[in-house]
Amino acid sequence: MTPEFISQIQHGEPLAVARAITRVERGGDDARTLIRALFPYTGCADLVGITGAPGTGKSTLVNALAKELGAREKRVAIIAVDPSSPFTGGALLGDRFRMQDLAGTGIFIRSMASRGQLGGLAAAVSDAILVLDAANFDVVLVETVGAGQGEVDIAKHAHTTIVLEAPGFGDDIQAIKAGILEIADILVVNKADRDGANATAAALEMNLSLNPDKSAWRPPILKTIALKGEGVRELVDAIATHQKYSREKNLRAKKEAARFEDELRELLQRELLQQKLQNVAEAKWQSWIQEITARKRDLYAIADEILNS
Ligand SMILES: Nc1nc2c(ncn2[C@@H]2O[C@H](COP(=O)(O)OP(=O)(O)OP(=O)(O)O)[C@@H](O)[C@H]2O)c(=O)[nH]1
Ligand SMILES: [Mg+2]
């Protein structure tokens with residue numbers, strides 16, 4: 001890792017930034033050295049999470065948001081966390097289309113697959129965010145499907161979290177089902193060109209009014225037609241309003257502290273686990289599991305043995 005590489009990343013050179021993210025995805029010592037070198041240059045980018053059920057229009061909206069931010073002279077990067085789940089098989093094709101859509105705009109886009117990530121998806125995405133932050137992007141947009149704890153954590157830890165909903169599920173609010181409504185700083189009913197958008201907005205409104213805390217930030221409910229870019233200007237304004245509010249109320253600093261605290265705990269868990277297990281042979285491990293299933297010994301006894309070894 002040369003000083004030139006670090007400097008290229010800091011200048012936001014797309015190839016260097018892409019290589020850096022590949023490196024943090026692979027994990028290991030290389031990733032660690034890189035993040036440590038970049039960390040002092042982070043802490044400036046606005047981190048905006050966009051989450052919602054599959055198909056609500058997150059990718060379309062993120063592209064529209066990125067363009068509007070770009071028009072406001074912001075340097076924008078996008079991370080799309082691809083759930084690589086069977087029910088959203090279109091993600092890859094969709095992403096190719098998105099990348100074409102953004103070609104020539106100077107907007108950096110990268111998708112990260114949630115499968116097969118050493119050290120977990122959340123860790124890889126946080127490191128990628130640090131890379132983009134060090135690369136002097138003003139805004140990092142992170143799209144996640146609101147499923148899975150790691151993904152929810154990513155969204156939760158953004159400075160501003162947008163939860164997307166779309167009409168067409170009857171009275172059901174998908175975000176409630178997914179348990180992600182509470183993390184919203186801004187609620188968006190996308191596909192407002194469709195029947196039921198007003199009803200969905202009203203249902204969200206009712207849900208918000210159940211929250212008795214009048215002093216807290218009340219998430220605005222906006223309607224967008226992401227396909228046509230309608231409502232996107234208002235959404236960018238709402239993001240700015242929220243960021244101003246969270247700076248004034250010191251929420252941004254608190255969120256960041258909470259994020260690093262969670263990440264430090266996770267890191268320690270992984271490292272300690274690895275430390276304790278690195279000298280345990282697979283056969284030994286399997287024999288412990290068999291002892292437990294045969295009720296010869298219990299979980300606590302085995303754990304004690306490992307911890308005291
Ligand atoms: N009618 C209508 N369709 C839209 C709108 N926004 C997005 N769509 C369509 O909805 C479909 C899903 O959009 P995506 O942006 O891929 O949704 P997503 O939430 O990113 O989907 P996943 O990443 O697979 O979870 C696409 O066919 C879009 O063209 C909108 O405002 N109105
Ligand atoms: Mg998508």
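**A conversation about the model**

Modeller: Leu272 is a place to begin: its relative accessible area is 48%, so Leu272 is partly exposed. Please bear in mind that this is a predicted model.

Colleague: Where is Leu272 placed?

Modeller: Leu272 sits in helix α11, which covers residues 251–277.

Colleague: Which residues make the nonpolar surface patch with Leu272?

Modeller: Leu264, Leu267 and Leu268 form the patch together with Leu272, and its area is about 360 Å².

Colleague: Let us turn to charges. How many salt bridges are there?

Modeller: The count comes to 14 salt bridges. As background, side chains of opposite charge can pair when their charged atoms come close.

Colleague: Which side chain does Asp46 meet in a salt bridge?

Modeller: Asp46 pairs with Arg252, at 2.9 Å from N to O.

Colleague: Is Asp46 buried or exposed? And what about Arg252?

Modeller: Asp46 has a relative accessibility of 14% and therefore counts as buried. Arg252 also counts as buried, because its relative accessibility is 12%. The cut-off for buried is under 20% relative accessible area.

Colleague: Which residues are linked with Asp46 in a network of salt bridges?

Modeller: The network of salt bridges links Asp46 with Arg247 and Arg252.

Colleague: What does Lys67 form a salt bridge with?

Modeller: The partner of Lys67 is Asp101, and their closest N and O atoms are 3.0 Å apart. This pair links distant parts of the chain, 34 residues apart: Lys67 is in helix α4 (residues 58–71) and Asp101 is in helix α5 (residues 91–102).

Colleague: How accessible are those two, Asp101 and Lys67?

Modeller: Asp101 counts as partly exposed at 29% relative accessibility. Lys67 is partly exposed as well, with a relative accessible area of 37%.

Colleague: Going back to helix α11, how far apart are Glu261 and Arg265 there?

Modeller: They are four residues apart in helix α11, which means that about one helical turn separates Glu261 from Arg265. Their side chains meet in a salt bridge of 2.8 Å, N to O. Glu261 counts as partly exposed, with 43% relative accessibility.

Colleague: New topic: the ligand. How many residues surround ligand 1?

Modeller: Ligand 1 is surrounded by 17 residues, and the closest are Gly57, Lys58, Ser59, Thr60 and Asp193. By type, the shell around ligand 1 divides into seven polar, five nonpolar and five charged residues.

Colleague: Which element gives the most to that shell around ligand 1?

Modeller: Helix α4 does, with three residues. Both α4 and β4 (139–145) supply at least two residues of the shell.

Colleague: What is 2.5 Å from an oxygen atom of ligand 1?

Modeller: That is a polar side-chain atom of Thr60.

Technical notes. Residues are numbered from 1 along each chain as its sequence is written. Chains are lettered from A and ligands numbered from 1 in the order in which they are written. This is a predicted model: local features need pLDDT of at least 70, side-chain atom pairs count only at pLDDT 80 or more; totals for chains, interfaces and linings use all residues. Side-chain values use heavy atoms; hydrogens and water are left out. Patches are made of residues with over 30% relative accessible area and no salt bridge: like charges are joined within 9 Å, nonpolar side chains (Val, Leu, Ile, Met, Phe, Trp, Tyr) within 5 Å. Accessible areas come from the Shrake-Rupley method with a 1.4 Å probe; for residues, only the protein chains shown count as cover. A salt bridge is a side-chain nitrogen of Lys or Arg within 4 Å of a carboxyl oxygen of Asp or Glu. Buried means under 20% relative accessible area, exposed over 50%, partly exposed in between (1.4 Å probe, protein chains only). A residue is near a molecule or strand if one of its heavy atoms lies within 4 Å of it. A polar contact is a pair of N or O atoms within 3.5 Å; within protein, one must be able to donate a hydrogen and the other to accept it, and residues adjacent in sequence count only if both atoms are side-chain atoms. Ala, Val, Leu, Ile, Met, Phe, Trp, Tyr, Cys and Pro count as nonpolar, Asp, Glu, Lys and Arg as charged, and the others, Gly among them, as polar.
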